[in-house]
Amino acid sequence: MSAHLLSVDNLSRDYVDHLFHVARRMEPIAQRQKITRVLEGAVLGNLFFEASTRTRMSFHSAFSRLGGSVCDTTGFTFSSMAKGESLYDTSRVISGYVDAIVMRHPDLGSVAEFAAATHVPVINGGDGPGEHPSQALLDLYTINKEFERIGKALPGAHLLLTGDLKYGRTVHSLLKLLALYPPMQITLVSPPGLEMPFELIDRAENAGHRVQQRDTLQADYSDVDVVYATRIQKERFTQEMVEGFSLSSDFSVDRAFLDQRCSTHTIAMHPLPRDSRPGANDLNVDLNGDPRLAIFRQTDNGIPVRMAIFATLMGVEDTFDRGLRDVGWKPPHQVGVDDALLTSGPHGQKG
């Protein structure tokens, strides 16, 4: 493991397994039961030069729950880069202010260029259509927890990735991460022109996974264990693509799709944000309250996973639980008003 988290390419299976072990130990803190101050005095620089709400706040919350403080900046308009400052200069300057950096940037490879100028740990919060390694980690962490709940194992599982597989950096990182694990079946379903890059498919196949590509969801997916939907990222389209693009209802992941084409065991995931507007053909809001919808458990899992990332990069994974104490307030028993109440049985139905 390097001093930075820039790409899944830098991760080993041993590191990921260790990270997940640390994340499990972080859960009482993430779930507002315990308090640690292991990073008290440390400062995080949250540099988001592309729009973000969930990822930025998730990293902010994770660092804060370890006892650190956070400096946020968002967008180019209020950045010195708008005045022509190089990534190198920005990196060196910010590194003099903070002890860790999370960076999101619209250009592929920009975060790696930024990290090359500093020894302060840098985490890639998304570089254009490239990667989003922390999202892939929390996604796989979620899959493992969901499978544990329903009595399923990752080896031999069937995962369906659908939506924008060309520009969706979350699925790029997830497919790379899955290549570290025993063979499984991976089905890729995308509109024409938005297929998964060939080099990532080759990587998965070379790792032993059985990969198939389709252009419609109108098929039998009753053996699928996880449906991972992604939003169509029109903001990354060329003008020509925007003018010629249309999306049929074939790509809507809704209650009818899960009921009629999948199974009672199928788990629905999404990196968010999902497009909830009528006709968007994304992950449909009619699944809210359905125990198969894991998107909010997924986002909740981002806190312990990102806490574990900070802990391992900053060398406190063995000391964070010293001096743990109970929280001094009353946390909610259930965060969302319609969160599904889950059982540990084989069907994962409402309790």
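**Cavities and aromatic rings in a predicted model**

By the grid rule used here, the count comes to 2 cavities of 30 Å³ or more. This is a predicted model, in which local features need pLDDT of at least 70, side-chain atom pairs count only at pLDDT 80 or more, and totals for chains, interfaces and linings use all residues. Residues are numbered from 1 along each chain as its sequence is written, and side-chain values use heavy atoms, with hydrogens and water left out.

Colleague: Happy to start inside: which classes make up the lining of the second largest cavity?

Modeller: A cavity is a set of points on a 1 Å grid over the protein atoms alone where a 1.4 Å probe fits but cannot get out, and lining residues have an atom within 4 Å of a point. Residues around the second largest cavity include Thr-162, Phe-251 and Asp-282. Ala, Val, Leu, Ile, Met, Phe, Trp, Tyr, Cys and Pro count as nonpolar, Asp, Glu, Lys and Arg as charged, and the others, Gly among them, as polar. The lining has 4 nonpolar, 4 polar and 1 charged residues.

Colleague: Nice! How are the rings of Phe-63 and Phe-310 paired?

Modeller: Rings of Phe, Tyr and Trp (its six-membered ring) pair if their centres lie within 6.5 Å, with planes under 30 degrees apart stacked, over 60 edge-to-face and the rest tilted. The structure holds 4 aromatic pairs. For Phe-63 and Phe-310, the centres are 4.9 Å apart and the planes at 80°, so the pair is edge-to-face.

Terms used: On a 1 Å grid over the protein atoms alone, a cavity is a set of points where a 1.4 Å probe fits but cannot get out, and a pocket is an open set with protein on both sides within 12 Å along at least five of seven lines; lining residues have an atom within 4 Å of a point. Grid points are joined across faces, edges and corners, and a volume is the space filled by probe spheres set on the points.
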